[in-house]
Amino acid sequence: MIKDVIIDIKTEQTVDGDTDLIEFTTDGRFGFNEGSYFISYDESKLLEVEGDVKTTVFIKPDNSVVLQRKGAYNSKMVIEKGIRNNCFYATPMGELTLGVFGEKVKTDLTDQGGTVCMNYSIDANMQLLSQNQVKISIKEVN
């Protein structure tokens, strides 16, 4: 069953010792399909880009997370604890392959919502770009 939800996302990103906090709340959809929970939402306004950016986050039973963007930005990031994945990222400026190393993935989800917490680093050419902490909270719209 797919439900309307409120999604609260808090991201802490550290680059070269400087930390930025990004928080936003949006409406979206939440459901369970083919053994995985998923949330989907529009990220266009946050990214301040021309064109749509639709984001879908798949939370798999093994606590791995796949974050997929389609539209003005296309990307697919796989976050798994203890594993470095090469991930594709396309922007209007060009395409990149980034390394994503999952340090922590913790989920607490039910059919009513819950939380997804992730810590991961991103690198390019084996050079650290950023350390990231993300907490996604999902609440049913009543």
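Predicted model: local features only at pLDDT ≥ 70, side-chain atom pairs only at ≥ 80, totals over all residues.
Local features need pLDDT of at least 70 and side-chain atom pairs count only at pLDDT 80 or more, while totals for chains, interfaces and linings use all residues. Residues are numbered from 1 along each chain as its sequence is written, and side-chain values use heavy atoms, with hydrogens and water left out.

**View 1. The barrel closes with 10 strands.** Follow β1 through to β10 in order, with antiparallel pairing. Strands here are DSSP runs of E with at least two residues, numbered from the N terminus, and two of them pair if DSSP finds at least two bridges between them. From one strand to the next, the twist averages 25° (axes are lines fitted to C-alpha atoms, and angles run from 0 to 180 degrees between N-to-C directions).

**View 2. Strands β2 and β3 sit as an antiparallel pair.** Residues 18-33 make up β2, residues 36-42 make up β3, and five bridges join them. Look for F32, whose bridge partner in β3 is Y37.

**View 3. S40 has a place in strand β3.** Leaving aside neighbours within four places in sequence, S40 is in contact (heavy atoms within 4.5 Å) with I7, G28, R29, T55 and T56. F58 is 18 residues away along the chain, and its C-alpha atom is 8.8 Å from that of S40.

View 4. A disulfide is a pair of cysteine sulfur atoms within 2.5 Å, and the count here is zero.

Terms used:
Helix = DSSP H or I, 4+ residues; strand = E, 2+ residues; numbered from the N terminus.
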